[in-house]
Amino acid sequence: MSRHGSSRRGPLRASGAGGLAALLVLVVLLLGGGAHLAGADPERPERRGADPVAGEGADAGVADVGGVADGDDGGGAGEGMGPCTDLARRYADQLPAGWTLECRAALPPEWSPVEGGSSMGDRRTRRIVVVDGQTAEYTEASIAHEIAHAEASGWPPRLRADVAAALGGTSWTGQGGPASPREVVAESSVRCRGLPTHARFPLVPCDVLESMRTAGGATGPLPVTGSHPRS
């Protein structure tokens with residue numbers, strides 16, 4: 001399942017000693033504070049789409065940071081359709097290397113495991129598609145959720161496994177659904193930007209999330225662009 005201005009980031013690097021230390025802090029915080037029980041905003045529309053590539057493997061590669069595609073290729077968003085195109089341009093420099101972000105009138109038909117989904121990402125093609133027509137705030141939340149998925153796909157496999165275990169899961173993808181470790185991380189990223197979140201997603205505190213991101217290679221915290229509570 002998927003939905004997710006900071007300094008531009010290049011390819012995520014493997015965690016070293018500092019990353020491992022941050023991960024130990026993460027585990028202590030998670031196990032000691034019941035972090036995964038944090039709630040979400042009740043008013044957020046129900047759900048985003050499902051990731052059509054649910055494998056555990058991380059993408060490799062060092063392509064240039066992806067841009068925005070807003071043309072019409074059989075369902076694309078036109079000018080003035082909604083807020084997505086402007087937001088996608090604003091978030092373009094936050095995409096991990098090689099990823100693209102597109103605004104469309106609907107998800108690609110081959111990506112249709114979830115009816116009514118508002119966004120998806122495909123890790124094989126490094127492509128994010130967000131459905132235009134939502135409010136600006138909810139569109140931004142969908143973009144932030146998908147970017148979080150893209151970022152986490154570049155984490156070292158061991159880090160994803162350790163985060164999943166700390167969250168009580170047996171794997172990064174878990175059984176799917178909003179309580180899977182990858183969805184908890186992605187939606188927590190939305191909350192930590194101050195954007196509205198789904199009520200069904202468990203969340204972790206922002207300091208725990210930033211420990212994960214640091215261990216995964218992030219060089220700075222997520223920017224706060226919304227006014228919703230972050231704790």
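User: How do the axes of helix 3 and helix 5 cross, and within what distance do they come?

Analyst: In this predicted model, the axes of helix 3 (residues 136-152) and helix 5 (residues 181-192) come within 8 Å and cross at roughly 135 degrees. The two helices are therefore oblique to each other.

User: Is the crossing of helix 3 and helix 5 left-handed or right-handed?

Analyst: Helix 3 passes helix 5 in a right-handed crossing.

User: Which residues meet there?

Analyst: From helix 3, the residues are Ala141, Ala144, His145, Ala148 and His149. They meet Arg182, Glu183, Ala186, Glu187, Ser189 and Val190 of helix 5. By class, this contact of helix 3 with helix 5 has five nonpolar, three polar and three charged residues.

User: Staying with helix 5, how many of its residues are buried?

Analyst: Twelve of the twelve residues of helix 5 are buried, so helix 5 is largely enclosed by the rest of the structure. Among the buried residues are the charged side chains of Arg182, Glu183, Glu187 and Arg191. Pro181, Val184, Val185 and Cys192 are also included.

User: What covers them?

Analyst: The cover over the buried residues of helix 5 includes helix 3, helix 4 (157-166) and helix 6 (206-215).

User: What span should helix 5 have, and how far apart are its end C-alpha atoms?

Analyst: At 1.5 Å a residue, the twelve residues of helix 5 should span 16 Å. The end C-alpha atoms of helix 5 are 16 Å apart, which agrees with that expectation.

User: On to helix 6, then. At what angle do helix 5 and helix 6 cross?

Analyst: The axes of helix 5 and helix 6 cross at roughly 120 degrees and come within 10 Å. Helix 5 and helix 6 are therefore oblique to each other. Helix 5 passes helix 6 in a left-handed crossing.

User: Which residues make that contact?

Analyst: On the side of helix 5, the contact is made by Val185, Ser188, Ser189 and Cys192. Helix 6 contributes Cys206, Leu209 and Met212. The residues of this contact of helix 5 with helix 6 divide into five nonpolar, two polar and no charged. Ser189 of helix 5 is also one of the residues that meet helix 3.

User: Is helix 6 mostly covered or mostly uncovered?

Analyst: Helix 6 is mostly covered, with eight of its ten residues buried. Cys206, Leu209 and Met212 are among the buried residues, as are Glu210 and Arg213.

User: And which residue just after helix 6 takes a positive phi?

Analyst: That residue is Gly217, with a positive phi of about 115 degrees.

User: Change of topic: where is Gln94 found?

Analyst: Gln94 is found in the loop between helix 2 (84-91) and strand 2 (100-104). Gln94 has a relative accessible area of 1%; values under 20% count as buried, so Gln94 is buried.

User: How far apart are Gln94 and Ala148 in sequence and in space?

Analyst: They are 54 residues apart in sequence, and their C-alpha atoms are 9.8 Å apart in space. Ala148 belongs to helix 3 and is one of the residues that meet helix 5.

User: Lastly, the whole chain: how many helices and strands does it have?

Analyst: The protein chain has six helices and four strands. From the N terminus on, the elements run α-β-α-β-β-β-α-α-α-α. Of the 231 residues of the protein chain, 53% count as buried.

Methods: Residues numbered from 1 in each chain as written. Predicted model: local features only at pLDDT ≥ 70, side-chain atom pairs only at ≥ 80, totals over all residues. Heavy atoms only, no water. Axes fitted to C-alpha atoms, helices over the stretch in contact; angles between N-to-C directions. Parallel < 35°, antiparallel > 145°, perpendicular 65-115°, else oblique. Left-handed = near helix turned anticlockwise from the far one by under 90°. Contact = heavy atoms within 4.5 Å. Expected span 1.5 Å × (residues − 1). Buried < 20%, exposed > 50% of the residue type's maximum accessible area, 1.4 Å probe, protein only.
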